[in-house]
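Visitor: I'm new to this one, and I'd like to learn how to read it feature by feature. Could you walk me through it?

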Amino acid sequence: VEEAYPAPADAPAALLFTSSNVLQIFFTFALQLLLEEQGDECGGFTSRPRLFVMGTALFGCLLPVLVFNGKPNRSLAERAEGEGRLAQSHESDSPSHDEGHHAA
């Protein structure tokens with residue numbers, strides 16, 4: 001949501017939420033097929049259903065986070081705004097050159 005800073009955060013958050021719900025429908029049916037194929041036995045660490053869940057978590061969640069190289073737009077804008085306010089306060093604190101001279 002940080003990447004969409006000038007826009008409100010509602011739209012990208014809603015898109016992420018909706019797309020995750022749609023993908024969950026597909027994953028539910030895919031995992032059900034894998035579990036039915038496995039039968040009644042409890043699969044080990046390398047069973048197809050567990051590999052599916054771990055692969056989905058690794059490639060769908062962890063990998064995008066690790067390779068993401070975006071700019072923190074909101075933080076940069078807030079920092080620039082803070083620096084602008086600081087510069088304005090310094091300008092108002094310094095005396096003007098014309099204040100010390102009075103017209104005769």
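Visitor: Where is the place of leucine 35?

Guide: Leucine 35 lies in helix H1, residues 10-38. Helices here are DSSP runs of H or I with at least four residues, strands are E runs of at least two, and both are numbered from the N terminus. A word on the source: this is a predicted model, where local features need pLDDT of at least 70, side-chain atom pairs count only at pLDDT 80 or more, and totals for chains, interfaces and linings use all residues. Residues are numbered from 1 along each chain as its sequence is written, and side-chain values use heavy atoms, with hydrogens and water left out.

Visitor: Is leucine 35 buried, partly exposed or exposed, and why?

Guide: Buried means under 20% relative accessible area, exposed means over 50%, and partly exposed is in between (1.4 Å probe, protein chains only). Leucine 35 counts as partly exposed because its relative accessibility is 41%.

Visitor: How do I judge the span of H1?

Guide: Take 1.5 Å times one less than the number of residues, and you have the expected span. H1, with 29 residues, reaches 41 Å from its first C-alpha to its last, close to the expected 42 Å.

Visitor: What should I look for in helix H2?

Guide: Start with the span: H2 covers residues 48-67, 20 residues in total, and reaches 26 Å from first C-alpha to last, close to the expected 28 Å. Then look for a bend, which is the angle between axes fitted to the seven residues ending at a residue and the seven starting there. H2 bends by about 30° at leucine 58. Leucine 58 counts as partly exposed because its relative accessibility is 39%.

Visitor: Which residues does threonine 56 contact, leaving aside neighbours within four places in sequence?

Guide: Contact means heavy atoms within 4.5 Å. By that test, threonine 56 touches Phe27 and Cys61. Threonine 56 is in helix H2, and phenylalanine 27 sits 29 residues away in sequence but 9.0 Å away in space, C-alpha to C-alpha. Threonine 56 is partly exposed because its relative accessible area is 25%.

Visitor: What does the whole chain look like?

Guide: The secondary structure comes to three helices and zero strands, and the pattern along the sequence reads α-α-α. Of the 104 residues in the chain, 6% are buried. Among contacts with a separation of 6 or more, 41% come from residues 24 or more positions apart.
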